[in-house]
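Please look at the sequence and the structure before reading on.

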Amino acid sequence: KKYNVVVDAESAYEILTAKMEEAEAKAETAAEVKAEAKAKDEPSMMEQVLDNSVVKSVMRTAANTITRSLLGALGLGGRSSKKKWF
């Protein structure tokens with residue numbers, strides 16, 4: 001009974017080598033996926049321009065000017081108390 005047990009003939013070296021090859025294959029596929037994701041995530045030219053702090057400042061100033069002009073034309077945005085609707 002004791003000696004009729006089937007013993008796996010695969011050595012520890014073979015098991016470790018197989019695991020290392022499997023880990024290497026997984027690392028290669030992960031690197032490929034990461035490279036593809038990085039290539040897809042590169043910002044476009046428009047995004048690069050809009051992320052510029054100078055452009056943000058100019059856009060903010062333009063928006064403030066336009067808003068003040070529109071509210072001033074409606075009589076709602078002035079500092080003087082002469083024109084009041086209510």
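## Fold

Helices here are DSSP runs of H or I with at least four residues, numbered from the N terminus. On that basis Glu24 is found in helix 1, which spans residues 12-40. The model is a predicted one.

The protein chain has three helices and zero strands. Read from the N terminus, the order of the elements is α-α-α. Helix 2 covers residues 45-50, and helix 3 covers residues 53-74.

## Confidence

The mean pLDDT of the protein chain is 81, and 85% of the residues score at least 70. Among the elements, helix 3 has the highest mean pLDDT, at 89, while helix 2 has the lowest, at 82.

## Exposure

How much of the protein chain is buried? Of its 86 residues, 1% are buried. A residue is counted as buried when its relative accessible area is under 20%.

The accessible surface of the protein chain is about 8600 Å². Carbon and sulfur atoms account for 61% of that surface.

## Salt bridge

Side chains of opposite charge can pair when their charged atoms come close. In the whole structure, the search finds one salt bridge. The partners are Lys26 and Glu22, with an N to O distance of 3.6 Å between their side chains.

Both residues belong to helix 1, and because they are four residues apart, about one helical turn separates them. Lys26 has 53% relative accessibility and therefore counts as exposed, the cut-off being over 50%. Glu22, at 46%, counts as partly exposed.

## Surface patches

Which residues form the negative surface patch? The patch is made up of Glu21, Glu24, Glu28, Glu32 and Glu36. One of these, Glu24, has already been placed in helix 1.

A nonpolar patch on the surface is formed by Leu71, Leu74 and Leu76. Together these leucines have about 270 Å² of accessible area. Leu74 lies in helix 3. Its relative accessibility is 47%, so Leu74 counts as partly exposed.

Conventions: Residues are numbered from 1 along each chain as its sequence is written. This is a predicted model: local features need pLDDT of at least 70, side-chain atom pairs count only at pLDDT 80 or more; totals for chains, interfaces and linings use all residues. Side-chain values use heavy atoms; hydrogens and water are left out. Patches are made of residues with over 30% relative accessible area and no salt bridge: like charges are joined within 9 Å, nonpolar side chains (Val, Leu, Ile, Met, Phe, Trp, Tyr) within 5 Å. Accessible areas come from the Shrake-Rupley method with a 1.4 Å probe; for residues, only the protein chains shown count as cover. A salt bridge is a side-chain nitrogen of Lys or Arg within 4 Å of a carboxyl oxygen of Asp or Glu. Helices (H or I, at least four residues) and strands (E, at least two) are DSSP runs, numbered from the N terminus. Buried means under 20% relative accessible area, exposed over 50%, partly exposed in between (1.4 Å probe, protein chains only). Lys and Arg count as positive and Asp and Glu as negative; His and the chain ends are not counted. The place of a charge is taken as NZ of Lys, CZ of Arg, CG of Asp or CD of Glu. pLDDT is the predictor's confidence in each residue, from 0 to 100.
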